[in-house]
Amino acid sequence: MKMEKIEAFFDNRAVEELYFIVISLVLAFGILQTTGAVLNTDKPVVSVVSCSMYPQLHVGDILVVQGQNFEDIEEGDVLVYSTKQAEISVNGQSYRVTNYGQPEPVETSAGELSLLNVENTDGGGSPETAIIRFNGDKYRIEQDRTYQIDGASLTVESVDGVSIPIVHRVIEKNQDYLETKGDNNNQQLSFETNVTPEQVHGTSLFVIPRIGGLKLLVMDLVGFNGDRPFVVDSYPSCTERA
């Protein structure tokens with residue numbers, strides 16, 4: 001009777017989802033705490049969130065990242081890097097601000113300017129909004145609009161990149177920059193033709209398969225798998241693009 005109650009408890013979908021969320025969080029937190037300094041990177045763990053590297057990487061895979069000196073990166077490596085940047089005009093003078101490599105605030109004619117993040121307000125396509133810090137205060141400003149802030153005129157001239165790290169393959173290495181491309185993408189994206197050393201978090205050291213695989217292993221080990229497969233994953237299915 002006791003075992004039947006335990007199995008019924010784990011048959012509850014909400015409990016299953018919570019169970020595996022907790023497992024993944026504990027795993028990720030443990031790796032972050034113990035490997036960040038050892039692996040020499042500020043991003044020791046990243047998740048795959050798109051099909052751009054399919055079939056080598058699947059949505060839901062977790063990558064453990066090894067920090068690398070630029071000279072040690074080779075063509076063919078799976079690179080993890082950030083791309084957030086914007087061109088912002090302050091009182092008619094343009095400034096390029098980035099959000100990688102722990103940059104210092106940019107000194108403008110009207111005060112200090114930092115880029116915190118970029119985003120797309122409609123949930124897709126290219127970013128069109130920059131989240132900035134100007135003279136200590138946080139603002140969300142949209143591309144091609146002019147704002148009056150602290151007596152200064154600010155205009156976002158362009159926004160580029162995405163709000164999460166990119167996981168793509170190095171296809172060309174030059175003296176001071178890299179070019180990347182997703183294995184499953186038909187062509188390079190605009191930000192992939194000039195990836196500079198300060199953007200790079202590292203290269204893929206090894207992959208922890210999507211939580212679906214981890215889930216089945218754990219359930220087998222603890223004896224709750226029973227005679228049915230678990231189907232609680234909601235990852236999108238990837239296909240190879242022509």
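Helices (H or I, at least four residues) and strands (E, at least two) are DSSP runs, numbered from the N terminus. The model is predicted: local features need pLDDT of at least 70, side-chain atom pairs count only at pLDDT 80 or more, and totals for chains, interfaces and linings use all residues. Residues are numbered from 1 along each chain as its sequence is written, and side-chain values use heavy atoms, with hydrogens and water left out.

**Exercise 1.** State how many helices and strands the protein has, and describe the open sheet of 6 strands.

*Solution.*
1. The protein has 3 helices and 14 strands.
2. The open sheet runs in the order 1-2-14-3-12-13 with antiparallel pairing; two strands pair if DSSP finds at least two bridges between them.
3. Strand 1 (45-47) and strand 13 (178-181) are at the edges with a single partner strand each, so one side of each lacks a neighbour in the sheet.
4. Within this order, strand 3 (residues 78-81) is joined to strand 14 (residues 200-208) by 3 bridges in the antiparallel sense.
5. Val80 has Gly202 in strand 14 as its bridge partner.

**Exercise 2.** Locate the disulfide and determine which parts of the chain Cys51 and Cys238 tie together.

*Solution.*
1. The structure holds 1 disulfide (cysteine sulfur atoms within 2.5 Å).
2. Cys51 and Cys238 form this bond, with S to S 2.0 Å.
3. Cys51 belongs to the loop between strand 1 and strand 2 (62-66), and Cys238 to the segment after helix 3 (211-222), so the pair ties together parts 187 residues apart in sequence.
4. The torsion about the S-S bond is about -75°, so the disulfide is left-handed.
5. Both Cys51 and Cys238 are buried, that is, under 20% relative accessible area with a 1.4 Å probe, protein chains only.

Definitions and conventions:
Buried means under 20% relative accessible area, exposed over 50%, partly exposed in between (1.4 Å probe, protein chains only).
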